[in-house]
Amino acid sequence: MRRTDVHTKRALQTNSSVCSVLFVLFSAAYLYFLQPFLLAQEQHFFSHGRTTYDGFLGAFLITAILTFLGLFFHRMLRLPSYFQAVAWMPSCYILGLLSSLHFPHFASDAHSAPLFLLIAFPLLFVLLLYVSKSFPDTSHNRTNQRSALALNITQLFLMFLCVGTLGNSSSRFHAELRAANFAYHARHQDALKVAANSPDVTHYLSAVRAYSLSAEGQL
């Protein structure tokens, strides 16, 4: 496909830039605000407790790597303007997998990533690549450019929804992770606040609360 039309090139650049910014914002917020304690638990588990996870640095590094991966696919695939968001599917898939691990020693962790989504996501990526190659780039006027941008944003938000579906979002499990992380780093008052404010009191939270109270000399 030849890209000699100025309007088409401008549409491609606009869609690519918007997709890049939206992915960076979503990935950074998702990792830093929603999944930092899960990633900390993953690093603790795989390093056998020898290393610790920094929420800000981890979110920055993972987002940077996944952003470079998305830009790599964007450059290599040379997708038409209506399918620019497809280049970010591998990055979204990896992001979902990173936050989908299961830790059975936490009693409340009953999360299981949907098998159909694990299979459908890469298959859909291949299908969209095939469709995009036979799809003419018709973003020669402002109406088509706006339609292309809206379609790309819609595709991205559907990918973000899939990331959230793949990721472990159990409120009880995350409360246990927060409390355990605080107790591990001797932030016992923070651990007690998590245990006190959690709507569901689990056996694990009760154990962490008892440990923190003992460490603070209040038991």
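A residue counts as buried under 20% relative accessible area, as exposed over 50%, and as partly exposed in between. By that scale Phe157, at 48% relative accessibility, is partly exposed. The model described here is a predicted one.

**Overall architecture**

The protein has nine helices and zero strands. Along the sequence this gives the pattern α-α-α-α-α-α-α-α-α. Of its 219 residues, 44% count as buried. The accessible surface comes to about 12200 Å², and carbon and sulfur atoms hold 65% of that area. Among contacts with a separation of 6 or more, 78% join residues 24 or more positions apart.

**Aromatic pairs**

A pair of aromatic rings is described by the distance of the centres and the angle of the planes. The structure holds eleven aromatic pairs. One of them joins Tyr32 and Phe56, with 6.4 Å from centre to centre and 90° between the planes, an edge-to-face arrangement. This pair links distant parts of the chain, since Tyr32 belongs to helix H1 (residues 6-34) and Phe56 to helix H3 (residues 55-77), 24 residues apart. Tyr32 is partly exposed, with a relative accessible area of 38%. Phe56 is exposed, because its relative accessible area of 59% lies over the 50% limit.

A further pair is made by Phe157 and Phe160. Their ring centres are 5.8 Å apart and their planes stand at 70°, so this pair is edge-to-face as well. The angle qualifies because planes over 60 degrees apart count as edge-to-face. Phe157 and Phe160 are three residues apart in helix H6 (residues 142-166), a separation of about one helical turn. An α-helix has 3.6 residues a turn, so residues three or four places apart point the same way.

The residues of the two pairs are set out below.

| Residue | Relative accessible area | Class |
|---|---|---|
| Tyr32 | 38% | partly exposed |
| Phe56 | 59% | exposed |

Phe83 sits in the loop between H3 and helix H4 (89-98). Despite its place in a loop, Phe83 is buried, with 8% relative accessibility. Beyond its neighbours within four places in sequence, Phe83 is in contact with Leu128, Val131, Ser132, Phe135, Asn152 and Gln155. Asn152 lies 69 residues from Phe83 in sequence, yet their C-alpha atoms are 6.4 Å apart in space.

Two of these contact partners, Val131 and Phe135, also belong to a nonpolar patch on the surface, together with Leu124, Leu127 and Tyr130. The patch has about 480 Å² of accessible area in total. Leu127 lies in helix H5 (residues 115-133) and is partly exposed, with a relative accessible area of 47%.

The loop between H3 and H4 also contains Arg78. Its phi is near 50°, a positive value in a residue other than glycine.

Ala186 is placed in the loop between H7 and H8. Like Arg78, which has a positive phi near 50°, Ala186 is not a glycine and has a positive phi, of about 60°. Ala186 is exposed, at 54% relative accessibility.

Which residues form the one salt bridge of the structure? Arg187 pairs with Asp190, and their closest N and O atoms are 2.9 Å apart. Side chains of opposite charge can pair when their charged atoms come close. Arg187 is partly exposed, with a relative accessible area of 42%, and Asp190 is partly exposed at 25%.

Which residues of helix H8 (residues 188-197) are buried? They are His188, Ala191, Leu192, Val194 and Ala195. Viewed down the axis of H8, these buried residues fall within an arc of 160°, so they line one face of the helix. What covers them includes helix H7 (171-184) and helix H9 (203-215). The face of H8 turned away from the buried side carries the exposed residues Lys193, Ala196 and Asn197.

Notes: Residues numbered from 1 in each chain as written. Predicted model: local features only at pLDDT ≥ 70, side-chain atom pairs only at ≥ 80, totals over all residues. Heavy atoms only, no water. Phe/Tyr/Trp six-rings, centres within 6.5 Å; stacked < 30°, edge-to-face > 60°. Helix = DSSP H or I, 4+ residues; strand = E, 2+ residues; numbered from the N terminus. Buried < 20%, exposed > 50% of the residue type's maximum accessible area, 1.4 Å probe, protein only. Arc of directions from axis to C-beta. Contact = heavy atoms within 4.5 Å. Patch = residues over 30% accessible without salt bridge, like charges linked within 9 Å, V, L, I, M, F, W, Y side chains within 5 Å. Areas by Shrake-Rupley, 256 points an atom, 1.4 Å probe, with all protein chains shown as cover. Salt bridge = Lys/Arg side-chain N within 4 Å of Asp/Glu carboxyl O.
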